[in-house]
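Please read the points with the structure open.

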Amino acid sequence: NLYAGGWFGTAGGTAALYVAKWNGTNWSALGPGMNDKVMALAIDGSGNLYAGGYFTNAGGVSANRIARWDGTSWSALGSGMDDAVFALAFDGGGNLYATGFFMTAGGVSAAHVARWNGSSWSALGSGLVGVGYALAVDGGGNLIVGGDFTNAGGSAANNVALWDGTTWSSLRSGVNGPVRALVRSTAAI
(Lines give C-alpha, C1' and ligand atoms only; values in the text may rest on other atoms or scores of the structure.)
Protein backbone atom coordinates (compact mmCIF):
# COMPACT_ATOMS: atom_id res chain seq x y z
CA ASN A 1 0.00 0.00 0.00
CA LEU A 2 1.02 3.57 -0.68
CA TYR A 3 -0.25 6.39 1.53
CA ALA A 4 -0.48 10.02 0.47
CA GLY A 5 -1.02 13.09 2.61
CA GLY A 6 -1.29 16.72 1.60
CA TRP A 7 -3.73 19.47 0.69
CA PHE A 8 -6.30 17.44 -1.33
CA GLY A 9 -9.96 16.57 -0.94
CA THR A 10 -10.26 13.69 -3.43
CA ALA A 11 -8.05 10.84 -4.62
CA GLY A 12 -8.92 9.07 -7.86
CA GLY A 13 -12.34 10.72 -7.77
CA THR A 14 -13.05 9.38 -4.26
CA ALA A 15 -13.57 11.78 -1.37
CA ALA A 16 -10.45 11.58 0.80
CA LEU A 17 -9.79 14.56 3.03
CA TYR A 18 -6.04 15.25 3.17
CA VAL A 19 -4.98 11.57 3.39
CA ALA A 20 -5.58 8.50 1.20
CA LYS A 21 -4.39 4.96 0.44
CA TRP A 22 -3.43 3.49 -2.96
CA ASN A 23 -3.62 -0.34 -2.98
CA GLY A 24 -2.05 -0.76 -6.42
CA THR A 25 -5.39 -0.51 -8.19
CA ASN A 26 -7.62 2.01 -6.41
CA TRP A 27 -7.55 4.97 -4.06
CA SER A 28 -9.52 4.86 -0.81
CA ALA A 29 -10.19 7.19 2.10
CA LEU A 30 -8.90 6.53 5.62
CA GLY A 31 -12.16 7.05 7.45
CA PRO A 32 -13.49 10.60 7.22
CA GLY A 33 -9.94 11.95 6.91
CA MET A 34 -8.62 15.11 8.56
CA ASN A 35 -9.93 18.63 8.97
CA ASP A 36 -6.73 20.26 7.64
CA LYS A 37 -3.47 19.58 5.80
CA VAL A 38 -1.27 16.51 6.35
CA MET A 39 2.43 17.37 6.08
CA ALA A 40 4.15 14.13 7.18
CA LEU A 41 3.55 10.37 7.24
CA ALA A 42 5.40 7.45 8.86
CA ILE A 43 4.67 3.74 9.38
CA ASP A 44 5.64 1.78 12.49
CA GLY A 45 6.88 -1.81 12.61
CA SER A 46 3.30 -3.11 13.02
CA GLY A 47 2.03 -1.30 9.93
CA ASN A 48 0.18 1.51 11.72
CA LEU A 49 0.21 4.82 9.87
CA TYR A 50 1.08 8.06 11.66
CA ALA A 51 0.16 11.45 10.23
CA GLY A 52 1.34 14.91 11.24
CA GLY A 53 0.33 18.33 9.99
CA TYR A 54 -1.99 21.24 10.70
CA PHE A 55 -5.15 19.23 11.55
CA THR A 56 -6.89 19.15 14.93
CA ASN A 57 -9.34 16.37 14.08
CA ALA A 58 -8.65 12.95 12.55
CA GLY A 59 -11.59 10.77 11.57
CA GLY A 60 -13.92 12.62 13.94
CA VAL A 61 -11.51 12.27 16.89
CA SER A 62 -9.78 15.25 18.48
CA ALA A 63 -6.12 14.85 17.47
CA ASN A 64 -3.94 17.93 17.68
CA ARG A 65 -1.65 17.84 14.66
CA ILE A 66 -0.67 14.17 15.02
CA ALA A 67 -2.65 10.91 14.85
CA ARG A 68 -2.40 7.15 14.30
CA TRP A 69 -4.40 5.05 11.81
CA ASP A 70 -4.61 1.35 12.79
CA GLY A 71 -6.28 0.25 9.57
CA THR A 72 -9.78 0.89 10.94
CA SER A 73 -9.82 4.14 12.90
CA TRP A 74 -7.81 7.20 13.89
CA SER A 75 -6.58 7.87 17.44
CA ALA A 76 -4.75 10.74 19.13
CA LEU A 77 -1.21 10.55 20.50
CA GLY A 78 -1.77 12.06 23.92
CA SER A 79 -2.88 15.68 23.68
CA GLY A 80 -0.75 16.22 20.55
CA MET A 81 1.09 19.39 19.62
CA ASP A 82 0.29 23.09 19.95
CA ASP A 83 1.31 23.82 16.33
CA ALA A 84 2.10 22.12 13.02
CA VAL A 85 4.14 18.93 12.54
CA PHE A 86 6.31 18.83 9.39
CA ALA A 87 8.26 15.55 9.64
CA LEU A 88 8.01 12.16 11.37
CA ALA A 89 10.53 9.32 11.74
CA PHE A 90 10.86 6.08 13.70
CA ASP A 91 14.05 4.77 15.27
CA GLY A 92 14.95 1.08 15.59
CA GLY A 93 13.44 0.96 19.10
CA GLY A 94 9.98 1.99 17.91
CA ASN A 95 10.17 5.57 19.18
CA LEU A 96 8.42 8.14 16.97
CA TYR A 97 10.07 11.52 16.47
CA ALA A 98 8.29 14.65 15.29
CA THR A 99 9.53 18.09 14.29
CA GLY A 100 7.77 21.27 13.20
CA PHE A 101 6.47 24.62 14.43
CA PHE A 102 5.27 23.29 17.80
CA MET A 103 6.60 24.36 21.20
CA THR A 104 4.74 21.75 23.29
CA ALA A 105 4.05 18.04 22.77
CA GLY A 106 1.58 16.29 25.05
CA GLY A 107 1.63 19.35 27.31
CA VAL A 108 5.42 19.06 27.76
CA SER A 109 7.69 21.90 26.65
CA ALA A 110 9.42 20.58 23.51
CA ALA A 111 10.87 23.28 21.27
CA HIS A 112 10.20 22.11 17.70
CA VAL A 113 11.19 18.45 18.24
CA ALA A 114 9.81 15.64 20.45
CA ARG A 115 9.74 11.86 20.98
CA TRP A 116 6.67 9.61 21.45
CA ASN A 117 7.55 6.34 23.25
CA GLY A 118 4.15 4.75 22.65
CA SER A 119 2.49 6.28 25.69
CA SER A 120 3.88 9.79 26.29
CA TRP A 121 5.77 12.68 24.70
CA SER A 122 9.16 13.93 25.86
CA ALA A 123 11.50 16.74 24.90
CA LEU A 124 14.91 16.22 23.31
CA GLY A 125 16.98 18.41 25.59
CA SER A 126 16.11 22.07 25.09
CA GLY A 127 15.18 21.44 21.45
CA LEU A 128 15.73 23.82 18.56
CA VAL A 129 15.93 27.59 18.19
CA GLY A 130 14.03 27.75 14.94
CA VAL A 131 11.81 25.32 13.06
CA GLY A 132 12.47 21.70 12.04
CA TYR A 133 11.38 20.48 8.59
CA ALA A 134 13.08 17.10 8.10
CA LEU A 135 14.10 13.99 10.08
CA ALA A 136 16.31 10.96 9.46
CA VAL A 137 17.72 8.22 11.70
CA ASP A 138 21.29 7.06 11.02
CA GLY A 139 22.65 3.52 11.28
CA GLY A 140 23.64 4.08 14.91
CA GLY A 141 20.13 5.13 15.92
CA ASN A 142 20.96 8.83 16.13
CA LEU A 143 18.29 11.31 15.06
CA ILE A 144 19.25 13.95 12.51
CA VAL A 145 17.05 17.04 12.21
CA GLY A 146 17.11 19.52 9.35
CA GLY A 147 15.31 22.83 9.22
CA ASP A 148 15.73 26.55 9.59
CA PHE A 149 17.46 26.91 12.96
CA THR A 150 20.66 28.27 14.49
CA ASN A 151 20.86 26.30 17.72
CA ALA A 152 20.12 22.78 18.97
CA GLY A 153 20.18 21.99 22.67
CA GLY A 154 22.04 25.20 23.52
CA SER A 155 24.82 24.67 20.98
CA ALA A 156 25.31 26.43 17.66
CA ALA A 157 23.97 24.30 14.81
CA ASN A 158 23.32 25.72 11.36
CA ASN A 159 20.13 24.13 10.00
CA VAL A 160 21.15 20.51 10.69
CA ALA A 161 21.92 18.75 13.99
CA LEU A 162 22.28 15.30 15.52
CA TRP A 163 20.59 13.98 18.68
CA ASP A 164 22.41 10.93 20.14
CA GLY A 165 19.73 10.17 22.71
CA THR A 166 21.33 12.41 25.33
CA THR A 167 22.86 15.49 23.71
CA TRP A 168 22.74 17.57 20.55
CA SER A 169 25.72 18.22 18.30
CA SER A 170 26.26 20.07 15.06
CA LEU A 171 27.36 18.43 11.83
CA ARG A 172 30.50 20.53 11.54
CA SER A 173 29.50 24.03 10.39
CA GLY A 174 26.14 22.82 9.05
CA VAL A 175 24.63 24.36 5.92
CA ASN A 176 24.00 27.99 5.04
CA GLY A 177 20.27 27.72 4.32
CA PRO A 178 17.15 25.83 5.38
CA VAL A 179 17.11 22.01 5.08
CA ARG A 180 13.77 20.66 3.83
CA ALA A 181 14.58 16.95 3.28
CA LEU A 182 16.94 14.29 4.64
CA VAL A 183 17.48 10.65 3.67
CA ARG A 184 20.06 8.13 4.85
CA SER A 185 21.86 6.01 2.28
CA THR A 186 23.00 2.52 3.19
CA ALA A 187 25.04 2.10 -0.01
CA ALA A 188 28.35 3.68 -0.91
CA ILE A 189 27.95 5.90 -3.97
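1. The model is predicted, not experimental. The comments that follow should be read with that in mind.

2. Start with the open sheet, which has 3 strands in the order β1-β4-β5. Their pairing is antiparallel. At the edges are β1 (2-5) and β5 (27-29), each of which pairs on one side only. On average, neighbouring strands of this sheet are turned by 30° against each other, with direction ignored.

3. In general, the strands of a sheet pair through backbone hydrogen bonds, in either a parallel or an antiparallel way. Here β1 and β4 (residues 19-22) run antiparallel and are joined by 4 bridges. To find the pairing in the viewer, look for Leu2, which stands opposite Trp22 in β4.

4. Next, turn to Asp44, in the loop between β6 (38-43) and β7 (49-53). Is Asp44 buried or exposed? Asp44 is buried, yet it has no salt bridge. The nearest side chain of opposite charge belongs to Arg68 and is 5.2 Å away.

5. What does the side chain of Asp44 reach? Another is the backbone nitrogen of Asn48, at 2.9 Å.

6. Further along the sequence, Asp44 has other neighbours. With residues within four places in sequence left aside, Asp44 is in contact with Tyr50 and Phe90.

Notes:
Residues numbered from 1 in each chain as written. Predicted model: local features only at pLDDT ≥ 70, side-chain atom pairs only at ≥ 80, totals over all residues. Heavy atoms only, no water. Pairing = 2+ DSSP bridges. Helix = DSSP H or I, 4+ residues; strand = E, 2+ residues; numbered from the N terminus. Axes fitted to C-alpha atoms, helices over the stretch in contact; angles between N-to-C directions. Buried < 20%, exposed > 50% of the residue type's maximum accessible area, 1.4 Å probe, protein only. Lys, Arg positive; Asp, Glu negative; His and termini not counted. Salt bridge = Lys/Arg side-chain N within 4 Å of Asp/Glu carboxyl O. Polar contact = N/O pair within 3.5 Å; in protein donor to acceptor, adjacent residues only side chain to side chain. Contact = heavy atoms within 4.5 Å.
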